[in-house]
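Please keep the sequence and the coordinates in view while reading.

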Amino acid sequence: MFGFFENKKSATVAKDRLTIAIMSDRDRTNGYPFMDEMKAEIIKVVQKYVGVKDVEIRKEVDGEVEALAIDVELDKNA
Amino acid sequence: MGIVIAVISGKGGVGKTTATANLGLGIAINNKKCVVVDFDIGQRNLDMILGLENRVVYDMVQVMDGEANLKQALIKSKVNENLHFLAASQTKDKSVLDSDKVEKLVSELRESFDFVILDAPAGIESGYEHTIEFADAAIVVVNPEVSSIRDADRAIGILDSKSAKVKAGDDVAKYLVINRIVADMVESGEMLKSDDILEILNIKLLGKIPEDKGVIDASNQGKPVILDKKSIAGQAYDRISGRLCGQKVDMKDIEVSDAGLFKKITGIFK
């Protein structure tokens, strides 16, 4: 019964592990090419009204749905 | 107007510099004017692999800073007069690079050479980003091993977001070289197959290079392994160089057809 794993060649194990690791790397780190510029513009716009400490943009993928999560941290002292 | 190709890997130690040296020389042997540039500032290595370490007077940082002109800094290979080399700075660190200077240097080189090959530093930091920024194409070097493949995927991701061509709405061509393949390990299922690596990275194959002890022997002497006609790695570099120069060279014991790849690569020159 547990012979199933024992018989699995290490190259197959490598492929399975890599596929999962790379998929999760891509979701977490690979945003869209425009994200740096967008971040700079968001800071500019918000700063017209209130001080900004930092803006964080994340690409979030859930199945077929892609979304952008934007967090704007305000600077109360500004 | 030449083509600018960055040789990248993500992980270090996979044979990126060896590939740069051998493909540069291979292209030169195919009668194309080629310059190889070491972008690994602070960790100069390409000079050793090419056997040119004693001839370096000026480096690329000095050229970018106007302390030397390109003509003074370019070193012509004695092995093949089509091959030129531009050394990395050994004393400065990677932060000396900036986009404007890199763009100027790359476009100057593009004017006088058919091929401009940039040897990227390992990692995915600013030095790497500057190497890929103005490249038309990238050659990704991996070993058939999990950490190399994972790091290559990150490097490709950065290429796809930071390349000037991509930012302008264009595509940057990417081709994979799989280095250090041990055939009997692949056969026994202990090493990843090239097809699996291509599928995971979603990239086209440029060539496969077998594990070959001759590579270390060649770098000991500063004579790229492509000069050794008996070396199986040297023969593999010879085939890849032919493909880069637009020849139809069959993919040796590889299951995928390279017809599409051939068309794409020759298309770069049109």
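Two residues are in contact if their C-beta atoms, placed from the backbone, lie within 7 Å. The model is predicted: local features need pLDDT of at least 70, side-chain atom pairs count only at pLDDT 80 or more, and totals for chains, interfaces and linings use all residues. Residues are numbered from 1 along each chain as its sequence is written, while chains are lettered from A and ligands numbered from 1 in the order in which they are written.

The contact between the chains draws 16 residues from chain B and 16 residues from chain A. On the side of chain B that touches chain A, α7, α8 (164–167) and α10 (194–201) each supply at least two residues; helices (H or I, at least four residues) and strands (E, at least two) are DSSP runs, numbered from the N terminus. Helix α7(B) gives the most to this side, with seven residues. By class, this side of chain B has six nonpolar, three polar and seven charged residues, where Ala, Val, Leu, Ile, Met, Phe, Trp, Tyr, Cys and Pro count as nonpolar, Asp, Glu, Lys and Arg as charged, and the others, Gly among them, as polar.

Helix α7(B) (residues 146–162) also packs against helix α6(B) (residues 126–133), at an angle of about 55° and with the axes 10 Å apart. Axes are lines fitted to C-alpha atoms, for helices over the stretch in contact, and angles run from 0 to 180 degrees between N-to-C directions. This angle makes α6(B) oblique to α7(B), the term for angles that are not under 35 degrees (roughly parallel), over 145 (roughly antiparallel) or 65 to 115 (roughly perpendicular). Tyr128(B), Glu129(B), Ile132(B) and Glu133(B) of α6(B) meet Ala155(B), Ile158(B), Leu159(B) and Lys162(B) of α7(B). These residues divide into five nonpolar, no polar and three charged.

Turning to the strands, β7(B) (residues 173–181) is largely enclosed by the rest of the structure, because eight of its nine residues are buried. A residue is buried if 20 or more other C-beta atoms lie within 10 Å of its own, exposed if 12 or fewer, and partly exposed in between, with C-beta atoms placed from the backbone. Strand β7(B) pairs in the parallel sense with β6(B) (residues 137–142) over six bridges, and six bridges also join β7(B) to the parallel strand β8(B) (residues 204–210); two strands pair if DSSP finds at least two bridges between them. Strand β1(B) (residues 3–8) pairs in parallel with β6(B) over four bridges, and Val7(B) has Ile139(B) as its bridge partner there.
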